[in-house]
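Visitor: I'd like to learn how to read a structure like this one, feature by feature. Could you walk me through it?

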Amino acid sequence: MDRLGPGLAVAGLIFWLNPAGRSIAAASDLDQYDFQAWQSDEGLPDDTVNAIAQTDDGYLWVGTRRGLARFDGVSFMRVDEKAAPELRDGRITALCASTDGSLWIGCTRGLFRLKSRVFSHFTETNGLPGDQVRCVLQDRQGTLWVGTAGGLARYVNGEFTSVTRPNELADMDVMALCEDYYGTLWIATRHGLSRLDQDGKEKDIDLPPEAPGGMLTSVCDDQDGNLWVGSETGLYRLGTRGDRKFYGLKDGLPDIPVNLVYEDREGRVWVGTVGGLACMTDGRVTVRPDREGAFGDSIRAMFEDREGNLWVGAKGGLYRLNSKLFTIYGPPQGLTYDNVTSVCEDKAGAVWVATWGGGLNRLENGTITPCALPGGNGHDLALSLCLSREGGLWVGMADGLYRFKDGRFTRHYSTADGLLDEAVRVIYEDPRGALWIGTRRGLNLMRDGHFESYDTSNGLPGRAVQAICGNTRGDIWIGTDGGLTRWRAGKFTRLATGNGRCADDVDALHEDDGQTLWIGTKGGGLDRLKAGGLTTYTTRQGLFSDDDFDIVEDDFGGLWMSCRRGIFQVRKKELDEYAEGKIHVLTCRRYGKADGLISAQCSDAAKPGGWKGRDWRLWFPTFRGLVAVNTRIRPNDKLEPVVIEKVVADGRTLRQNGSALHEGPSFTAPPGHGELEFHYAMLSYREPEECRYRFKLEGVDPQWVDAGARRVAYYNHLRPGRYRFRVVACNEDGVWNQVGAGVSVALSPHFWQTWWFVGLTGAAAVSGIVVTVRRNEKRKARHALERLEQQHLIERERSRIAKDIHDDLGASLTRMAFLSELVKTDETKEDVDAHAGKIAATARETVSALDEIVWAVNPHSDTLDSLLQYLSHYANKFLEETPVGCRLEIPMDIPSVRVTAEVRHNLFLVVKEALNNVVKHSGATEARLRVILREATLRVEVADNGQGFAADSTVRQKRSGLDNMRQRLEVIGGALEVETRPGSGTRIVAQAPLTGAPFRDSA
């Protein structure tokens, strides 16, 4: 169900709920949320975030006070303002991702729809009751509802229809919308709450009479059927049984007004106010002071993405809010010492913590209580723990074994009582009440207060006992520094070691419900003993560490192990699949200080070195405190999409737009240096910086390239050709999207890199060699004849030069001499001026013709603007000295369109011929040159107000050369139109097609 919280106000407070999600956590556990912030410095259009949504392609969209941005978990891409100019600096008020893949964007200038990289804009002219959009919601039937300052509208079959009229709603200013479980639409308005049933009936709803008034701001229904309404004065709850309650400052709200109410998938109801963020839990308000100023000073929006990440929009930016995986308990939380050696939890839920220097501690309901210490040396050096079936606790310390019950230490056993060593490191109580005690010097079995001792002389494979594990069949597994042994029916049976069998140094044991024994070793990795078969897993198979201090199994099929470099987790399913040969590499998740551990080095001093609690938490001792792991944060097994966001060739972006490049796109890059960049991302938001990538450029990379966390692939000096780039990725929990994304790019060759150029060059080279060889042979053969022919060749060349001088240069000089002599013989000034005028006219004509030729062949003139300027200039100049007036009608906005020399030359000659006919034959007083741009077609009209002529006149061809003009236009794909009749002038239209960018109709 879509829910929008149209944020109006302010603040930043966090709360935490325990893993059950329904009870209030202890005061000391209220910091169990991590958050990460993004602001304008990281690419947001503005620090004030008003709306958040996620589209089907996986992208997160963030609406701010000054625009819209797309987020991939690491970087933002602001929406191109050219695609939607109305969004420029526009305040985004609402976002809604609909089921058809559209993103609906509400702002103060109307409603936008982004689909397939195309924006559509809707305002009051399209049926909206107002341009100021406050909220957008799509119901379960697919109907889109839009709340505006002027009323409510719905979008069906491509049209908006107003569904409210004045006096039908509590107020026409719709602030928030919500659809409940039954399909009823709830409408929060400025001055009241209304509902719209499925049958279209509207009804105003009365709020609790004892509550103060105020503008409503938000509405939300929860999984229990309660309706929550936020207002300027507080929060209303309308219960399923008709009960109604108002919450204000006196009820624990951090501040007013309430700007939004939002329910996440776990059923938590979040309340955003001017002064903080709270949660409604069992009818009470849970908050904590925002000591770190987490969210700035205003919360505007909340949204939960597909992975369960909670996003908060505030005046201070965008925030991702996640439950912490680890909780640390150390001296600041009340622990007596930070070096923790072992941990366990009793049936009442109290966690017992042994420390090396602070004795025994008890953690219950978030409070740590030190236990009374026994007397004697080493009384504060606690090692191992074991729950007693009779109640109480067995505690191994540096000076022996103690019994702790009813808040005090009651018994003490030492070497004087039969212990092999007083430093007790591991304790196990079997179903019969016998106590198995492991020390560095061997194993003790205590029955009824009496001790039996075992070491390498009577059955143990090693002297130091490091782990003990029992099962329901009565077997006792004992891990030592010399190997693994099993106690059954009073006898030890050693498990073979070496040569591919179990490692010698066994440090951890765990048997699961499937009777599989998991064996952790020092330096030998992890072993699986199942049905008599042993499988070994080490770092070569993908395990994080070959040292396993302890093994704990969670409720979701994961094994958690501690080591000196942190805590790591691997799924049992993968371990089984590896043993069965289905996979060859394990996916192992490692956690260290960067993930929240105060110390990466876990403790290996005693057991239990790990414990599974009743509330799904796992406990691990470290050198810097006790670690609780929240296993309700399930591994991220969602297969999130992989996208190619941008392709760059030689520094030029081939494509970057508002949607991802999925499988199938193909691009062609112009000739260049063969440099390619591919920018990609996995749209996983829980820990996007932990995503890992592999890519391959087919034809270049023989195998997949492991890129780690790098999100760009670079290639240099690629040869021209077609390439296919593919990328796959895994999220932070190692779930691989093997489909990934792909894109094809064709690198165009330079002309000298084309096959025909290479072929021609090769052919020319071969031909040159052949010609050279033949010339050399002929030269040798003719060498004897060259001397005889040389004189003859010289005489023949002299004759040719003499003939050229006589025929060409001599003729030109003769014409020049004739003209000069003619001027000399002129007796009067009038004759000289006449001849000089003719010479000048001839020169002007020659210059004009030369100008025409230069303009026609000049490539800088290959534009529509150049053509129209030249035609205008020529028409003015041509008619300047004639009795015919000139009127030009040229468009003001001339598009940038290329016009070839052939088109320009033929159009000019047609216009020139038409103007010449006007002057010579029309008898007109005015000629008009008009240019019309219409649908990629150029129309040039030459019209006059002269005498005209009959269209079928027999002198038409002689007088106007229309056929010649028509032929010129046909050569360039154009046509000629002639409109004339006697006494009504003539209009000649030259029409030619244009190629290039489209332009608007200038007519």
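Visitor: Let's start with a single residue. Where does tryptophan 616 lie?

Guide: Keep in mind that this is a predicted model. Tryptophan 616 lies in the loop between S54 and strand S55 (617-622).

Visitor: What is the phi of tryptophan 616?

Guide: The general idea comes before the case. Most residues other than glycine have a negative phi, and most peptide bonds are trans. Tryptophan 616 is not a glycine, yet its phi is positive, about 75°. Its relative accessible area is 34%, so tryptophan 616 counts as partly exposed.

Visitor: Which value does phi take in serine 116?

Guide: Serine 116 has a phi near 55°, again a positive value in a residue other than glycine. You'll find serine 116 in the loop between strand S8 (110-115) and strand S9 (118-122). Serine 116 counts as exposed because its relative accessibility is 56%, and the cut-off for that class is over 50%.

Visitor: On to peptide bonds. Which residue does a cis peptide bond join to proline 257?

Guide: That would be isoleucine 256, with omega at about 5°. Proline 257 sits in the loop between strand S21 (244-247) and strand S22 (258-263). There is also a cis peptide bond between lysine 607 and proline 608, with an omega of about 5°. Proline 608 is in the loop between strand S53 (588-591) and strand S54 (611-612).

Visitor: Let me zoom out. How many helices and strands does the protein chain have?

Guide: The count is seven helices and 70 strands. Of the 1003 residues in the protein chain, 51% are buried. Taking contacts in the protein chain with a separation of 6 or more, 54% are between residues 24 or more positions apart.

Visitor: Now helix pairs. At what angle do H4 and H5 pack?

Guide: For a pair of helices, read the angle, the distance between axes and the handedness. Helix H4 (residues 864-879) and helix H5 (residues 901-922) pack at about 20°, and their axes are 11 Å apart. That angle is why H4 is described as roughly parallel to H5; the cut-off is under 35 degrees. The crossing of H4 and H5 is right-handed.

Visitor: Which residues of H4 and H5 make the contact?

Guide: On the H4 side, look for Leu867, Tyr870, Leu871, Tyr874, Ala875, Phe878 and Leu879. H5 contributes Arg904, Leu907, Phe908, Val911, Lys912, Leu915, Asn916 and Val919.

Visitor: Are H5 and H7 roughly parallel or roughly antiparallel?

Guide: Start with the geometry again. The axes of H5 and helix H7 (residues 962-971) come within 9 Å and cross at roughly 165°. H5 and H7 are therefore roughly antiparallel, and their crossing is left-handed. H5 brings Glu902, Asn906, Leu907, Leu909, Val910, Glu913, Ala914 and Asn917 to the contact, and H7 brings Met965, Arg968, Leu969 and Val971. The residues of the contact of H5 with H7 split into seven nonpolar, two polar and three charged.

Visitor: What about burial within a helix? Which residues in H1 are buried?

Guide: In helix H1 (residues 572-579), the buried ones are Lys572, Glu574, Leu575 and Asp576. Then ask what covers them. Among the elements covering the buried residues of H1 are strand S47 (517-521), strand S48 (526-530) and strand S52 (566-571). H1 is followed by glycine 581, which has a positive phi near 80°.

Visitor: One more residue, then. Is asparagine 50 buried or exposed?

Guide: Asparagine 50 counts as buried because its relative accessibility is 5%. Asparagine 50 is part of strand S2 (residues 49-54). Setting aside neighbours within four places in sequence, the contacts of asparagine 50 include Gly63, Thr64, Arg65, Arg300 and Ala301.

How values were computed: Residues are numbered from 1 along each chain as its sequence is written. This is a predicted model: local features need pLDDT of at least 70, side-chain atom pairs count only at pLDDT 80 or more; totals for chains, interfaces and linings use all residues. Side-chain values use heavy atoms; hydrogens and water are left out. Axes are lines fitted to C-alpha atoms, for helices over the stretch in contact, and angles run from 0 to 180 degrees between N-to-C directions. Helices (H or I, at least four residues) and strands (E, at least two) are DSSP runs, numbered from the N terminus. Angles under 35 degrees count as roughly parallel, over 145 as roughly antiparallel, 65 to 115 as roughly perpendicular and the rest as oblique. A crossing is left-handed if the near helix is turned anticlockwise from the far one by less than a right angle, and right-handed if clockwise. Contact means heavy atoms within 4.5 Å. Buried means under 20% relative accessible area, exposed over 50%, partly exposed in between (1.4 Å probe, protein chains only). Ala, Val, Leu, Ile, Met, Phe, Trp, Tyr, Cys and Pro count as nonpolar, Asp, Glu, Lys and Arg as charged, and the others, Gly among them, as polar.
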